[in-house]
Amino acid sequence: MAGDYSRWSPEPRDFKAMLKKLSHEQLLQVLSEGLCSYCEEVIESRVSNLNFIQKSSSDDAISPKRKLNADADAYTPSPQAGDSTNSGRSKRFVSALSKPVINKQPVSDLPNFEIKLNDGPSRSVVGDDLVEDQKEFIRFSQVGRRKDFVHYENVNEKQINVLKGLELHTNVFNPDEQKEIVELVYSLQRMGQKRQLRARTYSEPRKWMRGKGRVTLQFGCCYNYAVDKNGNPPGIVRDEEVDPLPPLFKKMINRMVRWHVLPTSCVPDSCIVNIYDEGDCIPPHIDHHDFVRPFCTVSFLAECKILFGTTLKIINPGEFSGPFSLPLPLGSVLILNGNGADVAKHCVPSVPAKRISITFRKMDVSKLPYRYTPDPELVGIERLIPPPSSDSSRNRYHGKFDKLPNSENKVFSNEDDFPPLGKSTSSSRRSRR
């Protein structure tokens, strides 16, 4: 019969009872399906306040759309999670003391933004008035930051946290940027093999035993790992020249300073590139004090683990054991400072696959090469300051680019943890009430 819709009416159901059977993560996934990221965040906040919903096994469940972009490996599949092994060749080790870095920001569409390694935000208008600096703020808001690493050891008859000063910043470089950086490294390696770089810039020692013989490229200064053939001790060789930092590496430095990964007071002026083949490693050490703290390492191609502790044991060639293990995601930046740089040693066991790392460091002024001159492109870098945005501006872009910074954000100091931009804290929610 026309207009008779009763046969399509569903049977009455107890929806509250149905909801009680869902876990926190399942409920969030059902309710947020098809929503933009701003609405999804609102739903997540409300779901978190429901006390009758079963909590998932994770303390901080996130919906599928809100995963770290860093997990999208454009090159080599990450090793499978497994138990602790010292070699690191076949299994990925996640320490019980090392919680995953979780950043609950929308990332599904953002990697497509053309935010390359910038020297500063462009003012050109894109699409419906979404300017480059606003896109940069969105990328900046996606960076996951963790600074709460803890492992106590007895040092000089005192229990201290030997990891104090470590920071892990994830999603700093997206897959497209990682690819661009890796291609440059391979190009520089080919130049070194053809002797188109300065003699001490490129080094490819013979692999005389497992774990030995990784390829290195040095820029900005020449560094000795051991006494060289001319009798120079370990450290910066002040009368030896290497090639200057490539432009793309300077843009990486710019990115890390602007995005609050590195302090403006410690802008790197040198770097060393390590190109690992499967099985290569770095033995236990503390970085030379010819370089000031903090310094940082950026990871590419394959995830690996890094071990920390005041005592790291060598078991076999390339196999080490230590009390704390930290996985290094692709595109992440590990900051070493304080006890994490000067009390705890660190090492990289044999890597499970081809890997590249770039360690950026600032030279001590008393150890600068004799012919050193500051690079003007690395002077006066300013940190990105998220501007306040009104509700009208949120509505203007709502559903178009999902997320822009809002007025609840503040300017952060080095000691602050960085909550995602646009994410209100529980205290701020209470104050609004």
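**Figure 1. The largest pocket and the residues that line it.** In this predicted model, the largest pocket has a lining of 41 residues, and those nearest its centre are R214, T216, Y225, I272 and N274. Several strands give two or more residues each to this lining, namely β9 (202-203), β10 (215-219), β11 (223-224), β13 (270-276), β14 (282-285), β15 (295-300), β21 and β22. The space in the largest pocket comes to about 990 Å³. Sorted by class, its lining residues divide into 20 nonpolar, 13 polar and eight charged.

**Figure 2. The loop between β21 and β22, with S350.** Strand β21 covers residues 345-348 and strand β22 covers residues 355-361, and S350 is found in the loop between them. S350 is a buried residue, with a relative accessibility of 1%. From this position the side chain of S350 reaches the backbone oxygen of G279, at a distance of 3.0 Å. Both β21 and β22, the strands on either side of this loop, are also among the elements that give two or more residues to the lining of the largest pocket.

Figure 3. Most residues other than glycine have a negative phi. E157, although not a glycine, has a positive phi of about 65°, and R195, likewise not a glycine, has a positive phi of about 60°. E157 sits in the loop between β6 (152-155) and β7 (158-161), while R195 belongs to the loop that runs between α5 (175-193) and β9.

**Figure 4. Helix α4, a mostly covered helix.** Helix α4 spans residues 132-141, and nine of its 10 residues are buried. The buried residues of α4 include the charged residues E132, D133, K135, E136 and R139, and F137, I138, F140 and S141 are buried in α4 as well.

**Figure 5. Cysteines without disulfides.** How many disulfides does the structure hold? The number is zero. For C221, the closest cysteine sulfur is that of C222, and the two sulfur atoms are 7.4 Å apart, which is too far for a bond because a disulfide requires sulfur atoms within 2.5 Å. C221 is buried, with a relative accessible area of 4%, and C304 is buried as well, with a relative accessible area of 6%.

**Figure 6. The setting of the close-up views in the whole protein.** The protein contains nine helices and 22 strands. Of its 433 residues, 49% are buried. When contacts between residues at least 6 apart in sequence are taken together, 77% of them join residues that are at least 24 apart.

How values were computed:
Residues numbered from 1 in each chain as written. Predicted model: local features only at pLDDT ≥ 70, side-chain atom pairs only at ≥ 80, totals over all residues. Heavy atoms only, no water. Buried < 20%, exposed > 50% of the residue type's maximum accessible area, 1.4 Å probe, protein only. Helix = DSSP H or I, 4+ residues; strand = E, 2+ residues; numbered from the N terminus. Polar contact = N/O pair within 3.5 Å; in protein donor to acceptor, adjacent residues only side chain to side chain. 1 Å grid on protein atoms, 1.4 Å probe; cavity = no way out; pocket = protein on both sides within 12 Å on 5 of 7 lines; lining within 4 Å. Points joined across faces, edges and corners; volume = space filled by probe spheres on them. Contact = heavy atoms within 4.5 Å.
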